[in-house]
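Hi,

Here is the structure we talked about handing over. Please open it alongside this note; my findings follow below.

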Amino acid sequence: MSPVFPLTLALYAVSCALYMAHAATSADRLARSARLVLAGAFLSHAADIGALCLHGIHPFVDGREALSFIAWLTVGAYLGVTLRHPLPLVGALLVPITMVLHVAARLAPSGTSGPQASTLLRLLHIGLATAGVAVFAVAGVGALIYLGAETQLKRHRFGALFRQGPPLATLDALNQTCILLGFPLFTIAMITGAIWVMRLPDGGVHRLLAPRYALSAIAWGLFATLLLARRLGGWRGRRAALLTLAGLGAALCVVAIYFLRGPI
Amino acid sequence: MLVAVGLSHRTAPVEVRERVALSGEALEAALRSAARLGSEALILSTCNRVELYLAAPDDRATAELRAAARDLLAENQRIEAPLLDTHLYLHGGAAAVRHLFRVAASLDSMVVGEPQVLGQVKEAFQLAQRAGTIGPLLGRALPRAFSAAKRVRSETEVARSSASMASAAVDLARHIFGDLQGKEVLVIGAGEMGDNAARHLAAAGAGPLLVTSRTFERAAELAARIGGAAHPWSELPALLERCDVVLSSTGAAQPILSRELVQRVMRARRGRWLCIIDIAVPRDVAPSVGELENVYLYDVDALQELVKDHLAGRQKEAEAAEAIIADEVDRFFATERSLGAVPTIKALREHFVAVARAEAHKVSGAFEGEQNRRALQALADSIVNQLLHAPLIALKHEEQSEALAEAVRTLFALSENDESAASVARGRK
């Protein structure tokens, strides 16, 4: 375990508490402090990953490292989004999730790399896939908040989500931005992954029929459908949010399979 | 005594209110019928309330009046009387006066402090005056209600800090669109509420403003007032396709935006969000329109739900306003009391003067010269004035002046003016 892990965890916890406090009080300074602490946690998490890399444990060595890397990228993607849309409510939902992912990654038993660990193609595949899933995760959190806020608006229940949540248009724009950003990453990850699998000693088309690859293809298909439907059919709002959650669900299933399976 | 029977946003949902709302000829007909229930009548029909104010002869008549008023509303609007019964309230005497004052001062409004209701009460008063259904009681109560409303507006922050229906509309649009810059607003109908909400939206950056009404001239007038563009009614579907926010406040008896129409419009809009604020009662938009995807429909009750939190924040101002209302109610009844004692005071004075002058006349023979006899009479009048000073003050201002007047009439056998004195006194109950 990296020596900066406790610091990273503590910073995530403080940021999470500040986001929660903001959700309860709407005080802007709490949201600003939460973002600042989250940026600190992001840097600390980067140092954590870097320290492990120095010991030869890079993010793509096994499922747990990939999970930690996804958590880090998700936080990075969210911090990037906040430069344009300050969405503290998204942070209040996203930070606890990434914190749990990070802890799960660090506490899970370590796997060992297969003989193909150092393949550049493999590293590219896993790197892009984890980045894509991280961006989709931000879209997914935005989609969840959209569905909650939209339900309140439709049913005339003007609760906390209505008062403190961002406008529907902002959440939909966040969704569109994230999918536009994540889809090319995920697409290249799919292609490089397919080539990598085909080149394995026991590789071949039959390996692409394994559940994790099928699920990846389903996730890709759902996000591709969303992009096309937005462009051609004018889909937005609720439909886009539901499709995003379906795609993210499939992508997270792939991550879970890798995580449980151990070495990649 | 004054009696108020009616229903409001506090007791009835918009589905019921829109069925009993009265306007135009139906309102005038109802006013004529109401005048037959009590000696005086006034009907206030707004999007948030339908109330009958009646002058009743005594306490016993209130229950009958309530039933009669219920039947009147049910008969006019073909709504089942038992359904109406569950929503009606009844205030009598001081409670009715207080209610009238609170309504006029916008303390009973859905959006406390909104300015429209005072104008609506004034219009109702003018209509009743033209119909000849205003008598001495309502004739004194209404001006006092206007005075109370004016005091509340000028002496408290209730109106200034009020969250209006219009600002609630802006709030909702912002929760959907975020920045309202460049969001097109369609105003349907040329009513005051639409005017107000459109101005608020424009102030928040929304625009351009599009206005349409069944009467193009009225649309043009409103468009000129708010800096928008008037469009003929026939362009309504096309306008719905291009706008982002719809403000509807027509006086139509039936919905003008059906589910089918909005469904067609939404297909043409390719799913773009549409926020519809329906501030009309009866509603202009079919409720099922709100079920359509990406359509956000709010009627007056939904707006009430949104603004009710603001009420708690203005508790202090509301308390100050309530104190003004209580003061004005006291003043009204003080005036009523003094008016009620007038016949008794007059009779008592005449009785004393008559006795004094009769006695003076008996002894006037002992006085020589006209000048001395006039001095004798003046002395008698002066004694009467001094003797009656304290009792008359008490009759005019004491809380129990009615009981005092009764006692005075009995003690001095002042039977001649009993009926007129009593009839005026009844108004203050």
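In this predicted model, helix α4 (residues 88–107) of chain A packs against helix α5 (residues 120–155) of chain A at an angle of about 115°. Their axes are 10 Å apart. The crossing of α4(A) past α5(A) is right-handed.

Which residues meet there? From α4(A) come L89(A), V90(A), L93(A) and L94(A). They meet V138(A), V141(A), G142(A), L144(A) and I145(A) in α5(A). Sorted by class, this contact has eight nonpolar residues, one polar and no charged ones.

Now chain B. An open sheet of six strands runs in the order β7-β6-β5-β8-β9-β10, with parallel pairing. The edges are β7 (229–231) and β10 (295–299) of chain B. Each has a single partner strand, so one side of each is left without a neighbour in the sheet. On average, neighbouring strands are turned by 20° against each other, direction ignored.

Within that sheet, look at β5 (residues 185–188) and β8 (residues 245–248) of chain B. These two run parallel and are joined by four bridges. One pair to check: L186(B) has V246(B) in β8(B) as its bridge partner.

Last, the contact between the chains. Chain B gives 16 residues and chain A gives 14 residues. On the side of chain B that touches chain A, the elements giving two or more residues are α8 (165–177), β10 and α13 (300–313) of chain B. The largest share, four residues, comes from α8(B). By class, that side of chain B has seven nonpolar, five polar and four charged residues.

Best wishes

Technical notes
Residues are numbered from 1 along each chain as its sequence is written. Chains are lettered from A and ligands numbered from 1 in the order in which they are written. This is a predicted model: local features need pLDDT of at least 70, side-chain atom pairs count only at pLDDT 80 or more; totals for chains, interfaces and linings use all residues. Axes are lines fitted to C-alpha atoms, for helices over the stretch in contact, and angles run from 0 to 180 degrees between N-to-C directions. A crossing is left-handed if the near helix is turned anticlockwise from the far one by less than a right angle, and right-handed if clockwise. Two residues are in contact if their C-beta atoms, placed from the backbone, lie within 7 Å. Ala, Val, Leu, Ile, Met, Phe, Trp, Tyr, Cys and Pro count as nonpolar, Asp, Glu, Lys and Arg as charged, and the others, Gly among them, as polar. Two strands pair if DSSP finds at least two bridges between them.
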